[in-house]
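Reader: I would like to learn how to read a residue's surroundings and a pocket from a set of coordinates. Could you take me through one case with care?

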Amino acid sequence: MPADRSETHYHAAAAGFAGPEGLASHLATLRQRGYSKLDVLGPYFSEEIADALDAGDHRVAWITLAGGLFGAFAGLGVQLYANYAYPLNIGGRPVFAWQPLPIITLEVAVMSAIVFAVIGTLLSCRLPKLHHPDFEIPDFSAGDRFYILVHATDEHFDTARTPDDLKNLGAETVALVPLPEAPS
């Protein structure tokens, strides 16, 4: 790691841990030290860590709800339009029969919600992405570790002090993660 790199040349400082035990308290400690742009990478989800990160991002849920409502109104609208635009008078039944409407409306709502949820998830994760600076973390490919990241955009990030703060948490590995070099 070159010593002349400034904070702008780093993506984050990463601390590796063998398991999720204690990460929530480590995050609280880092917040007490003034760090605010924290993230955790791990092989599986942990509710305790999500609560400690205060990851209250519910955009995908709202996008899914919007997709479901859009699908419900679209499905109902198409059925109503078809009933009135192309009436079939069979056996003296009314033009507007409400009995089949809920089934098709529900099916279109569910399908639309699923499509919106997938698209919302991909957009919120900024996928597809072929490369991410987090891939430069040493031993990241092992896939069995948890990492606490302090992003370089944090106002308290310092290339000398932040790795020491992470080492003091008992991390097994600590590394500064460089930003990818711009293509020339």
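Author: Let us begin with histidine 11, which sits in strand S1, residues 10-17, a strand being a DSSP run of E with at least two residues, numbered from the N terminus. The model is predicted, so local features need pLDDT of at least 70 and side-chain atom pairs pLDDT 80 or more, while totals for chains, interfaces and linings use all residues. Residues are numbered from 1 along each chain as its sequence is written, and side-chain values use heavy atoms, with hydrogens and water left out.

Reader: Is histidine 11 buried or exposed?

Author: Buried means under 20% relative accessible area, exposed over 50%, and partly exposed in between, with a 1.4 Å probe and protein chains only. Histidine 11 has a relative accessible area of 14%, and is therefore buried.

Reader: Which residues is histidine 11 in contact with, leaving aside its neighbours within four places in sequence?

Author: Taking contact as heavy atoms within 4.5 Å, histidine 11 meets His132, Pro133, Asp134, His151, Ala152, Val177, Pro178 and Leu179.

Reader: And how should I read empty space?

Author: Rolling a probe the size of a water molecule over the atoms shows where empty space is left. In this model the lining of the largest pocket takes its largest share, 5 residues, from H2, and helix H2 spans 47-53.

Note on methods
Helix = DSSP H or I, 4+ residues; strand = E, 2+ residues; numbered from the N terminus.
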